[in-house]
Amino acid sequence: MLRNLIFTYIAALIMSACGVSGSSDAESRINQKVDSVMKLMTLDEKIGQMVLYSSGWALTGPTIKSGYLDDIRKGQCGNIFNANTAAYTRKLQKIAVEESRLGIPLLFGYDVIHGHTTIFPISLGESASWDLKAIEKSARVSAIEAAASGINWTFAPMCDISVEPRWGRVSEGAGEDPFLGSKISAARVRGFQGNNLADTLTIMACVKHFAAYGAPLAGRDYNTVDMSERVFQDVYLPPYKAAIDAGAMSVMSSFNEYDGIPASGSKYLLTDILRKKIGFKGLVVTDYTSINEMVNHGIVANEAEAGLLSVKAGVDMDMQGEVFFKYLKKQVESGEVSQKTINDAVARIIRIKFMLGLFDDPYRYCNEAREKRLVYAPAHLEASFDVAKRSMVLLKNSNKVLPLKKGEKIAVIGELASSKQDLLGSWAAVGNINYMNSILDEIKIYNGDANVLYAEGCKKMGEDRSGFAAALSVSRRADKIVMVLGEDSEWSGEAASRTSINIPGVQTELLEKLKILNKPIILVLLNGRPLDLSKENDLVDAMLESWFPGTMGGKAVTHVLFGEYNPSGKLTMTFPRNLGQVPIFYYEKNTGRPLYLPNPKYKSRYIDCPNDPLFPFGFGLSYTTFAYSDIKLSTDKLTENGELKVSVNVVNTGGVLGEEVVQCYVRDLVGSVTRPVMELKGFQKISLKVGESKVVNFTIKPEMLAFHRADMSYGTEPGDYKLFVGGNSRDLKLAGFKLK
Ligand code: NOJ
C-alpha cells in the first residue's frame, strides 16, 4: 500500500525540529517531506485536503454524516471539525490512516475559544484582566485539554477589534484597542501553540476573522463593513498581524465584505495584505460556508464561480461549503485554476500536518489515558478560578459597601444567581455544568447556608413579575442584597446582535422595587458586551462586572464579593451612557468643534446627553486606592534612533493589598492626517501592599508612534506629543515631548 510507503519514508526522516519557527535546515527537511507526499497525490486527493467537514453531536456522543466517512476513506476529506474525544477522533483518524489510499492523517479543528472542558471567562472578560501571563495560561490550559481530546487545531484567537456593543461577538475578542488587542492576540497564540506545534500539549491557532469582521454596520452580525483604508490598517489590522507574528499557522477568512468584496473572495485581503504585506505562510481556511455565501452577497452568480473567486483570492481550505469538492477538479482540468494554485494550497496544509507531528504518529492527540488525566485537572480548575478573579471589574463601590463580611445576612436575587450554564458563556466548547457551582451555591458555601436567602425574583428574560413579592420579602430579612442580573449567555457570541444594550426583561424593574427597601444593593453583572448601566448605576451601591466567568465563576464572584480577592480588572471596551452614543471609544478624533470650545451650541456634542461615557476604557476600581505622582521623562526630545523612558510613582494609599493597571497613552498633536486624541502605548499590572509605592517605567520608541500618513506610507512624523499616565483613560497625569 502507498500509505505504508509514506510512513516508511517518513520514519526514515529525522523527526526533530518541527518547531513553528524552526531553522532553515528544519524548514527544508519539512519541505522535502511535503514534496514527497505531494508527488504521490492525485488531483482528487489534493482537493480532498482542501476541504473541512463538520462532525456533529448526538445524544449518545459524537457522530458524523456517513457521506463524510466515505469521503475520508476515498481521500476526499482531509480535515474534520467539531469532532471531540480521544476515542472518537481516533476512530476517524483510523479511517483516514488505514483505509484511505495514501493514509494522510486528518486535522481536527474545534472552537476552543475560552477553554475546552475547563472553561475560562469569555475572551472579552479575560482581556479585562490586562494580564498577559494569565491570558496565555488560559490558552495553554485550553490547548492541553483540547489536545488530550483529539483536537489539534483551534479556531481562535478572535482578533477582531470592535467598538460595537450591539455586536454579540465582542464577547469573543479583546475589546476596542489595537495596542492591547495586539498584545492579547499574541499571548493567546503563544498559549495555544507554545514553541513547538509538534508538542502534544499544544494545538494550532487560527487567527480570525480576517478581516475587519468586528465592524459590521449597525452592529448586526455578518453585515457589511465599510471603513477607510487608513482606519483598517491603523486600527483593525494590527491584532491579526501580531497574532501572525507570534507564529499563528492558520487564518480564517471572515463572512463580511470589505470595500465591496466578501473577504473569502478578496485577493486584496488574502493575498496582498495577508501574504504579501504581513508575510503569512500558513493555511487560510474560510469561515463556515462563506464561499457559498458569496452568491448571496451578489459578487458571483453561482457556487462554481464563488469557488473560483475564493481559490484565486488565496483560500486554501473550504469550511463546510463543499464548493471546492464539487467544482475545483473541473476548474483545474479546464485550466481556469492552475495546478500551481492547488499545489501551493495543498503544500501548506500538508506542511502543517508535518509540523503537528501527525505523519510521525497520527494518533498522538487521541490518547484516552491522557484525556482522562488532563480534562478538568485540578490545576486547570485552579487556573480558571485565578483568571476569572483577575477578569472582574469593580464599576462602583459607594461607602465601601463591598467587600461583604462573612456572616452578614445576604439576600441573593436573580435567575442568573442560580444558573450554571450562563456562567460558561457562549462558545463554551465541551464545558459541563455538572462539574461546577452557581454563584448562589458558592455564596452559601462561603457564608453559610443560614446566612443566605434566595429568591429568583424574575427570569433573565420576559415580563413575568410574579416573583417580585418573594424577592421583596426575602430582601427585607437581609442586611445586604446581592442581585445577579444580566444577559442569557446565548445573547452573546455569533448571531447574537442586539438593538438594545439594556439589561433585558424586567430585571431592572425588580431592582427599582428592591431599592425602596433602602438596603445596600450590590449588583453582580453577567454579560458579554458593554451594557447601558446608567439606570442601575443610580440605583445600586456597588456594581461588579463579572462577564461570563467560566467553570469556576461562582467561586470567583464569591471571593471577590467577600474580599478574598481584591478586584483588579479594567474595561477594555468603553461602557456608554446609552446606545445613542455608540460607537464610542477612547481613541476618537478631536474634530474641528471639540466639546471644550466656549460656544455653547455649535460644537460636536449631544443636546440630550454628555459626550463622555459612563465608564471609560481602562476603568476599574479596587478595594484600595492608588495615587500617581512624579511623572518623569528621560528626555523631552525623542530622536529617530532614540528612546524615551517614562517613569511614574504609584502608591497604594488604601487599606488593602491591591493590583493596579498603570496605563500610558500618547497624543500626536499635529499630523499630515488627523490623529486620535489618545492612543495606548504601554501598560503594566503591578501589585502594591498597603502604603507601598513603586516606580513604573515605560519605554516609547519612535516606531511605536508610526501610522499611515497622508500618502498611506507608514512611518512617523516629527512634532509635539502629549503623554498621559494613569489608572484609566480619563484620569491621567500629563507630560509632553517632541519627536525630532
Ligand atoms: C462560524 C464562526 O464565525 C467562526 O468563528 C467559527 O470558528 C466557525 N463557525 C466554526 O465553528
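Is asparagine 728 buried or exposed? This is a predicted model, in which local features need pLDDT of at least 70, side-chain atom pairs count only at pLDDT 80 or more, and totals for chains, interfaces and linings use all residues. Residues are numbered from 1 along each chain as its sequence is written, and side-chain values use heavy atoms, with hydrogens and water left out.

Back to the question. Asparagine 728 counts as buried because its relative accessibility is 7%. Buried here means under 20% relative accessible area, exposed means over 50%, and partly exposed is in between, with a 1.4 Å probe and protein chains only. The residue sits in the loop between β27 (719–726) and β28 (732–739). Helices and strands are DSSP runs numbered from the N terminus: helices are H or I with at least four residues, strands are E with at least two.

One is the backbone nitrogen of arginine 730, at 2.6 Å. The other is the backbone nitrogen of aspartate 731, which lies 2.8 Å from a polar atom of that side chain. A polar contact is a pair of N or O atoms within 3.5 Å; within protein, one must be able to donate a hydrogen and the other to accept it, and residues adjacent in sequence count only if both atoms are side-chain atoms.

Next, serine 149, in the loop between α7 (132–148) and β6. Serine 149 has a relative accessible area of 2%, so it is buried. Its side chain makes a polar contact of 3.2 Å with the side chain of glutamate 371.

Now a loop residue with the opposite label. Aspartate 449 lies between α18 (439–447) and β15 (452–455). Its relative accessible area is 54%, and therefore aspartate 449 is exposed. Aspartate 449 and lysine 409 are 40 residues apart in sequence, and their C-alpha atoms are 9.9 Å apart in space.

On to the strands. Which residues of strand β5 are buried on each side? In β5 (residues 107–110), Leu107 and Gly109 are buried on one side, and Phe108 and Tyr110 are buried on the other. In a regular strand the side chains alternate between the two faces of the sheet.

β5 has parallel partners to look at. Strand β4 (residues 79–81) runs parallel to β5, joined by three bridges; two strands pair if DSSP finds at least two bridges between them. Phenylalanine 81 is opposite glycine 109 of β5. From β4 the chain passes through helix α5 (residues 86–99) to reach β5, a right-handed β-α-β crossover. Right-handed means that, with the strands pointing away from the viewer, the path from the first strand over the helix to the second runs clockwise. Strand β6 (residues 153–154) also pairs with β5 in the parallel sense, over two bridges, and there tryptophan 153 is the bridge partner of glycine 109.

On a 1 Å grid over the protein atoms alone, a cavity is a set of points where a 1.4 Å probe fits but cannot get out, while a pocket is an open set with protein on both sides within 12 Å along at least five of seven lines; lining residues have an atom within 4 Å of a point. Grid points are joined across faces, edges and corners, and a volume is the space filled by probe spheres set on the points.

There are five cavities of 30 Å³ or more. The largest holds about 100 Å³ and is lined by 14 residues, with Glu45, Gln49, Gly75, Ser100 and Ile104 nearest its centre. The second largest cavity is about 50 Å³. Helix α8 (residues 178–193) gives the largest share of its lining, four residues.

The largest pocket has a volume of about 1,300 Å³. It is lined by 46 residues, and Pro178, Gln233, Asp234, Val235 and Pro238 are the closest to its centre. α9 contributes the most to this lining, 10 residues. By class the lining has 27 nonpolar, five polar and 14 charged residues; Ala, Val, Leu, Ile, Met, Phe, Trp, Tyr, Cys and Pro count as nonpolar, Asp, Glu, Lys and Arg as charged, and the others, Gly among them, as polar.

The second largest pocket is about 1,000 Å³. Of its 31 lining residues, Tyr586, Glu588, Asn611, Asp612 and Val677 lie nearest the centre. β27 and β28 are the elements that give two or more residues to that lining.
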